[in-house]
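Me: I would like to go through this model and ask what each label rests on. Please set the values against the definitions.

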Amino acid sequence: LNASKLALALMEQNREDEMGGYDDDEGLHYGKEDLIFRIGNCLGELKRYDEALEYLQHAKKITTENIGYENFVIASICNNIGSVKRLKYFDKSDDDARYGAIFSFEEAVHIASTESISHHELFVADCMFRVVEMKMVQSIHSPSETNHLAHDEDLLNYLETALEIRLNYYG
């Protein structure tokens, strides 16, 4: 976290290289959006969810501006946003975070399923499993409420598709 924040600070002080990034002491090149993404992930692991989500949303915005929306990098950022929101939900029982996680995982599935980047089947399957998990968690935490989502046709299709992808991949 501190190394990424230092690299970002150096960039913001106009000490970035000609590629718009920063080379660390080990020779690795980091672009600004990559550093912002890494900081967001670190903050999520530290349970600083709101701050993490700000960084990840910012990384998504500037990465989209640089490389476009339908790109596996954007799908990966959406997955990480979903993961932080998922952690926030389980840690704080925040229903908005649960709904946000579902949206982010579904967005990652949508982007990674496009023809131009469809070779990321396992990533898509993992995101689909996360959607199913987050939709079904309502029945686990609120057993007295009826949970139509557990019987939802789309939910079952997601689960079947994710399982089929895994079976095809692993044989």
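Me: Where is Lys 60 found?

Reply: Lys 60 is found in helix α3, residues 49-67. Helices (H or I, at least four residues) and strands (E, at least two) are DSSP runs, numbered from the N terminus. This is a predicted model, in which local features need pLDDT of at least 70 and side-chain atom pairs count only at pLDDT 80 or more, while totals for chains, interfaces and linings use all residues. Residues are numbered from 1 along each chain as its sequence is written, and side-chain values use heavy atoms, with hydrogens and water left out.

Me: Why does Lys 60 count as buried?

Reply: Buried means under 20% relative accessible area, exposed over 50% and partly exposed in between, with a 1.4 Å probe and protein chains only. Lys 60 has 15% relative accessibility, so it counts as buried.

Me: Which residues is Lys 60 in contact with, leaving aside its neighbours within four places in sequence?

Reply: Contact means heavy atoms within 4.5 Å. On that basis Lys 60 is in contact with Tyr 69, Ile 74, Ile 77, Cys 78, Ile 81 and Glu 107. Lys 60 and Cys 78 are 18 residues apart along the chain, and their C-alpha atoms are separated by 7.6 Å.

Me: What makes α3 roughly antiparallel to α4?

Reply: Axes are lines fitted to C-alpha atoms, for helices over the stretch in contact, and angles run from 0 to 180 degrees between N-to-C directions. α3 and helix α4 (residues 72-92) pack at an angle of about 170 degrees, with their axes 10 Å apart. That angle makes α3 roughly antiparallel to α4. The classes are roughly parallel for angles under 35 degrees, roughly antiparallel over 145, roughly perpendicular from 65 to 115, and oblique for the rest.

Me: How is the contact of α3 with α4 divided by residue class?

Reply: Residues of α3 including Leu 53, Leu 56, Lys 60 and Ile 67 meet residues of α4, among them Ile 74, Ile 77, Ile 81 and Val 84. The residues of this contact divide into 13 nonpolar, four polar and six charged. Here Ala, Val, Leu, Ile, Met, Phe, Trp, Tyr, Cys and Pro count as nonpolar, Asp, Glu, Lys and Arg as charged, and the others, Gly among them, as polar.

Me: Why is α4 called roughly antiparallel to α5?

Reply: The axes of α4 and helix α5 (residues 95-112) come within 8 Å and cross at roughly 160 degrees. That makes α4 roughly antiparallel to α5. The residues of their contact divide into 11 nonpolar, five polar and six charged.

Me: Why are α2 and α4 called roughly parallel?

Reply: Their axes come within 10 Å and cross at roughly 20 degrees. α2 and α4 are therefore roughly parallel to each other. By class, their contact has four nonpolar, four polar and no charged residues. In it, Phe 37, Asn 41 and Gly 44 in α2 meet Ser 76, Ile 77, Asn 80, Val 84 and Leu 87 in α4.

Me: How do you know that the length of helix α2 agrees with what it should span?

Reply: The expected span of a helix is 1.5 Å times one less than its number of residues. Helix α2 (residues 32-45) has 14 residues and should span 20 Å; its end C-alpha atoms are 20 Å apart, so the two agree.

Me: Which residues of α2 are buried?

Reply: Leu 35, Ile 36, Phe 37, Ile 39, Gly 40, Leu 43 and Gly 44 are buried in α2. An α-helix has 3.6 residues a turn, so residues three or four places apart point the same way.

Me: What is the phi of Lys 47?

Reply: Phi of Lys 47 is near 65 degrees, a positive value in a residue other than glycine. Most residues other than glycine have a negative phi. Lys 47 is found in the loop between α2 and α3.

Me: Is Ser 93 buried or exposed?

Reply: Ser 93 has 59% relative accessibility, so it counts as exposed. Ser 93 is in the loop between α4 and α5, and has a positive phi of about 50 degrees although it is not a glycine.

Me: How many helices and strands does the protein have?

Reply: The protein has seven helices and two strands. From the N terminus on, the elements run α-β-β-α-α-α-α-α-α. Buried residues make up 42% of the 171 residues.
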